Every structure is written in structure tokens, then in C-alpha cells.
Amino acid sequence: MRRKQSLIPVGNVALDVLVVADPDDMHCAVVCEELSLGEANAVRFNLADLRATPLVAEPNWLQLQVDEQSYWVSQETSVWWRRAGVVETSDLCDEEARLAFDEGPHLLIGSLAAAGVRFVDDPFTVARAETKQFQLAVACRSGIATPATRVTNDPAAARSFASGRKLIAKAVSPGVGIAPFVTEVRESELDAVATLPTMLQEFVPAAADLRVVVVADDSWIWRRPREAGTIDWRQADPEGSAFRPTTYEELAVAARKVTAALGLSISVQDWLETDNGPVFLESNALGAWLFLGQSRELVAPAIAGHLKG
């Protein structure tokens, strides 16, 4: 049920949904299309727009002018926190650019929080939930199988962990640097961890990769059979074209459990199908799902409905 509408100044449109996303985010586009079909107005905005968009904020409300229309953001607004972007600073000197880069997230998140919006999901919770070590700890505490994992920059500790195991190395950030594939690490390469603490995991043999999308109380599962020798399916199938919808009730329950334990209502998760049951790999609150077959018809309406509250 929607909350009671506050008084809105003349000339403003009460904004139902603010989507914090990049301009070319197709996930944003399909969900906004679903919202419009349900007669909910939605506007896309993120930090890259912050300096070019007229904004006025006080405690309990925020006013944004987008495409010459003034929108009123308040307790009645849901915010889909998807991709925050970065402040555009190309026209500023180095010191000004650094300040604008740092100030932007505080100004945007602070203004939205002060307006009392309903976050889907809270940006601070999303940031914590995106850390791989935290995800694995949450899954373990929930009684869910995960690969044996160690993060270290100590070659001796790495070699001790490798004893009797086939190891892989995994990047943990979605930042602006290179995004290496998950790959096997041989014992002769373990001295390289001294360069930077590295996440090492025991390689888990699997029959298939599983991608799960959770939206509130709903979840959908897609399965991709593993070829012999596959470690990272993205390397073998960059488009994810081999994923097919499937049912797996044990996994559906576990995925919703992980999502709730992370403090989220939306997540995209990667699991392995093994002889001993599903094994959790990671969760991404901002992950891609539109490449999965039938997801446009299944996931987009569910997110739109969740945002409408």
C-alpha cells in the first residue's frame, strides 16, 4: 500500500520511482517500461547527472528537474539503487575534481535518505553485501555450502592452504581496473600473492553453473551445463547463451535465505550444481539478468511491482 501523499508544490510531479542507473542500462529501460504500463512514473538519474541536473533538497523532500519537468521526491518515492555512477569532473582542476568525486555520493545518498525514500535496496547495505568475503561468511553461517576460501598476501600461508587442493584465484571488486577471469593458480605461482592480498578458493568440480535471480519472495533459476575443464563460464560462453530456465526447489529456498541474510530484497547469485548439492559462489545485488532466457517476462515485472510497493 502506498504511503499518504505529502503536499506537493504546484508545477511538481510526485515521483513514484527514481531509478539510479547508467543511461545505457537496459535493465533500467525494461523495468521503467513495466512501470509505465502500470501507470507509475519513473525517472532515471545517477551521479553522472548530478552537476547538470537542477536539484534542491531539504529535510523530508528533494526536487529534481529532468527534461524540463520538476519532480518531487519524498516518502512516497521508491529508489531502485542499481548503478550509482560517478560525478562528471572532466572540466574541473584536479583538486576540484577530487572534492566533487568525494562529495557527490554523500550529497545524493544524504538527500534521498533525508527525503525518507524507500530504498530498494539501501546503498550502504548494498555496498556491504557486494563484498565477497562477507557473502561467503553469511552463507556459511546460514548452513550453506561454499568453497574453502582464504585471502592472503603471505606466500607461505597460500602454499599451506594449497596443500592437497586445486586452487583458483578470484577478483573481488567491480571497479574500473581489469576484470580477470577466475582461473587456476598453480603452486609455482603462489609467490605472486605478495603483490596484493588475493582471494584463493578450492576448485569445486561441478556438473553445471546456476544463476539465480531473487526479487522479494520470488526467485528464478537458470542452468548452464559445464564443459570439461571449465572454471569460469564467462570465458567459454561470454553471452551466457547456454543458460536455460530450470526448477530446483532446494536452491530457490537457499538463494532467498542468502538474500535476506545479506539484508537485500533483490540479488543475482551464482551457484554450482554438484553431486553433494548446490554450492554458493557469490551474490551481486547489481548483477545482470537480462541475458537469461525469459527473464524479460519474469524478472522485469517482478521488480516493477516490488518498486511500486
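Me: Which residue takes a positive phi just after α4?

Reply: That is G143, where phi is about 80°. This is a predicted model, in which local features need pLDDT of at least 70 and side-chain atom pairs count only at pLDDT 80 or more, while totals for chains, interfaces and linings use all residues. Residues are numbered from 1 along each chain as its sequence is written, and side-chain values use heavy atoms, with hydrogens and water left out.

Me: Which residues other than glycine have a positive phi near 70°?

Reply: Most residues other than glycine have a negative phi. Here, E68 has a phi near 70°, and Q294 also has a phi near 70°. E68 sits in the loop between β5 (61-66) and β6 (69-73). Q294 belongs to the loop between β17 (277-284) and α8 (295-308). Helices (H or I, at least four residues) and strands (E, at least two) are DSSP runs, numbered from the N terminus.

Me: Is E68 buried or exposed?

Reply: Buried means under 20% relative accessible area, exposed means over 50%, and partly exposed lies in between (1.4 Å probe, protein chains only). With a relative accessible area of 78%, E68 is exposed.

Me: Which two residues does a cis peptide bond join?

Reply: Most peptide bonds are trans. In this model, V120 and D121 are joined by a cis one, with omega about -5°. You can find D121 in the loop between β8 (118-120) and α3 (123-129).

Me: Back to helix α4, then: which of its residues are buried?

Reply: Helix α4 covers residues 132-141, and its buried residues are K132, F134, Q135, L136, V138 and A139. Their cover includes α3, β9 (149-152), β12 (198-202), α7 (249-261) and β17.

Me: What does the side chain of R211 join in a polar contact?

Reply: A polar contact is a pair of N or O atoms within 3.5 Å; within protein, one must be able to donate a hydrogen and the other to accept it, and residues adjacent in sequence count only if both atoms are side-chain atoms. For R211, the partner is the side chain of D270, at 3.0 Å. Look for R211 in strand β13 (residues 208-215). R211 counts as buried because its relative accessibility is 11%.

Me: What else does R211 touch?

Reply: Contact means heavy atoms within 4.5 Å. Leaving out residues up to four places away in sequence, the residues that R211 touches include W220, W222, W233, F243, F291 and, once again, D270.

Me: Which backbone oxygen does the side chain of T274 reach?

Reply: The side chain of T274 reaches the backbone oxygen of G277, at 2.6 Å. T274 lies in strand β16 (residues 266-274). At 15% relative accessibility, T274 is counted as buried. Apart from neighbours within four places in sequence, T274 is in contact with V204, P205, A206 and V279.

Me: How many residues apart in sequence are L35 and D16?

Reply: L35 and D16 are 19 residues apart in sequence, and their C-alpha atoms are 9.3 Å apart in space. Your landmark for L35 is helix α1 (residues 26-37). With 0% relative accessibility, L35 counts as buried. Residues up to four places away in sequence aside, L35 touches V17, A40, A42, A304, L307 and K308.

Me: And where does L7 lie?

Reply: L7 lies in the segment before β1 (12-14). L7 is exposed, since its relative accessible area is 82%. From L7 to W72 there are 65 residues in sequence, and C-alpha to C-alpha they are 9.8 Å apart in space.

Me: Now the whole chain: how many helices and strands are there?

Reply: The protein chain has eight helices and 17 strands. Its radius of gyration is 21 Å, close to the 19 Å that the globule rule gives for 309 residues, so the chain is as compact as a globular protein of that length. The radius is taken over C-alpha atoms, and the rule is 2.2 Å times the number of residues to the power 0.38. The C-alpha trace spans about 70 × 50 × 35 Å along its principal axes.

Me: What share of the 309 residues is buried?

Reply: Buried residues make up 47% of the chain. Of the contacts between residues at least 6 apart in sequence, 69% join residues at least 24 apart.
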